[in-house]
Amino acid sequence: MLAASAESGLSVTESDTDLTLVLCDDYLSPELERVDAEHRAAGQPWLLTRLCGYEPWIGPFFRPGEGPCWSCLAYRLEQHRGYEGPLQQALGLDRPLVRPIASLSAGRVMAAQSAVLEAAKWLAGLRYADQGALRTVDTLNLRTRVHAVSRIPQCPSCGEPGLTGRRVWAPFVPVSRTKAGQGGGDRALSPDQLLRRHAHLVSPITGIVPVLEPSPGAPEFATTYVSGHNLAMRERGPAGLRAQSGGKGLTDTEARTSALCEAVERYCGTRHGDEPVVVDTLRALGEPALHPNACQLYAEEQFRDRERWNRSGSPFHHVPEPFDAERPVEWTPVWSLTGRRQRLLPTSMLYFTSTPGAPGPYADSNGNAAGSSPEDALLQGFMELVERDAVALWWYNRTRQPGIDLDAFGEPYIGRLREGYRRMGRDLWALDLTSDWGFRRSWRCPGAPGPQ
């Protein structure tokens with residue numbers, strides 16, 4: 001690296017530098033926290049680089065007072081490497097696992113020259129958006145990829161550590177928003193607008209959505225995408241196809257946006273450690289605390305027969321233990337739109353990550369949604385509950401519902417779906433499942449044996 005710098009006319013000094021180039025074997029090395037703190041205190045920019053491995057990393061430039069810090073980046077990296085935690089604990093390590101240096105000299109030299117080139121451009125005064133990103137170079141195919149690095153507003157190093165608590169305790173007052181165009185549902189942004197605005201969230205290194213790619217094995221007549229692991233099922237055992245987040249749509253953009261929003265929804269439903277909680281018993285908290293049965297809606301007969309329900313092993317039919325009003329548990333504040341006041345619910349009901357073996361109650365993704373605005377998310381989450389309520393009334397009671405004439409819509413995509421399912425040996429039909437809510441809901445079924 002010193003030789004590469006000298007060849008490009010960069011002088012190397014031990015103090016009063018305009019830019020610090022830091023080399024590491026792992027972007028999560030604990031020593032980097034000290035490096036970052038020192039540079040933020042001095043107001044000095046620095047460039048992080050990893051030369052080893054088949055995929056060298058270059059950047060980002062960290063600029064104190066502007067953009068994210070190393071802690072923001074480290075938080076995202078740790079989320080994608082959560083599998084290492086148990087190994088580190090078992091081995092008694094306070095740092096990441098050491099990996100073999102699987103690289104060739106040619107690759108390391110190329111990465112070193114690239115890092116020096118970036119440093120030279122910076123020192124020459126060149127500024128552009130991608131300098132705040134992490135770039136990877138795949139030495140197998142010489143492809144480069146840009147991974148956006150976002151500042152975390154509640155970062156304990158460069159942000160407001162109490163921000164999450166203040167937002168959770170604040171009232172939520174919905175506002176009226178203009179609906180965006182036609183199609184894509186009732187939302188403030190169209191699917192293509194939302195996708196453009198939030199595409200930076202997708203990255204297996206720095207994003208909260210690891211992938212956004214066509215569903216493998218999906219029939220050609222269906223436009224579907226997957227967007228990574230289903231975090232809502234992570235702590236509840238295997239769930240087959242439900243282990244992936246994904247989305248569908250009539251167009252490629254609609255499907256990608258749907259998959260993106262589902263992955264974001266489930267990311268937001270996981271616990272990150274800075275959420276405010278109150279530890280106490282239901283009885284001691286009194287009227288502000290809601291008994292979980294007011295939300296879970298289990299019947300007493302289900303609690304009494306819970307062992308039979310749970311024998312199937314399916315997380316979709318699991319009945320938790322009856323709630324003990326005398327047991328101290330964590331409670332999280334929530335804002336009641338109907339009561340216009342703060343209430344408290346057991347924290348375990350609100351976040352997917354729960355302690356294995358805990359008695360519950362448990363969280364699930366029913367009624368959860370993500371959108372371009374709080375009002376979008378509120379509406380989509382509410383409509384999901386209405387939809388599933390209507391389907392349950394029909395399915396579990398085996399009621400007869402009127403059919404819907406699909407040809408009356410005159411939509412080409414219906415013909416495409418019908419023909420595609422016909423080739424698979426399935427029928428396509430729709431039922432009107434309007435319920436006592438008064439919302440008109442339809443249910444389309446390609447000949448499957450039950451609700452999907």
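I took contact to mean heavy atoms within 4.5 Å. This is a predicted model, in which local features need pLDDT of at least 70 and side-chain atom pairs count only at pLDDT 80 or more, while totals for chains, interfaces and linings use all residues. Residues are numbered from 1 along each chain as its sequence is written, and side-chain values use heavy atoms, leaving out hydrogens and water.

**Glutamine 44**

I found glutamine 44 in the loop between helix 2 (31-42) and strand 2 (46-50); helices (H or I, at least four residues) and strands (E, at least two) are DSSP runs numbered from the N terminus. Leaving aside residues up to four places away in sequence, I listed Thr17, Leu19, Thr20, His39, Phe62 and Pro64 as touching glutamine 44. Glutamine 44 counts as buried because its relative accessibility is 18% (buried is under 20% relative accessible area, exposed over 50%, partly exposed in between; 1.4 Å probe, protein chains only).

**Aromatic pairs**

I searched the whole structure and got seven aromatic pairs (ring centres of Phe, Tyr and Trp, its six-membered ring, within 6.5 Å; planes under 30 degrees apart are stacked, over 60 edge-to-face, the rest tilted). One of them is phenylalanine 323 with tryptophan 331, edge-to-face at 5.9 Å centre to centre and 85° between the planes. Both of these residues, phenylalanine 323 and tryptophan 331, are buried. I also noted tryptophan 394 with tryptophan 395, edge-to-face at 5.7 Å and 65°. Tryptophan 394 is buried because its relative accessibility is 11%; tryptophan 395, at 21%, is therefore partly exposed.

**Charges over rings**

I saw the charged end of arginine 398 over the ring of tryptophan 395, 4.5 Å from its centre (NZ of Lys or CZ of Arg within 6 Å of the ring centre and within 35 degrees of the ring normal). The charged end of arginine 308 sits over the ring of tryptophan 309, at 5.7 Å from the ring centre.
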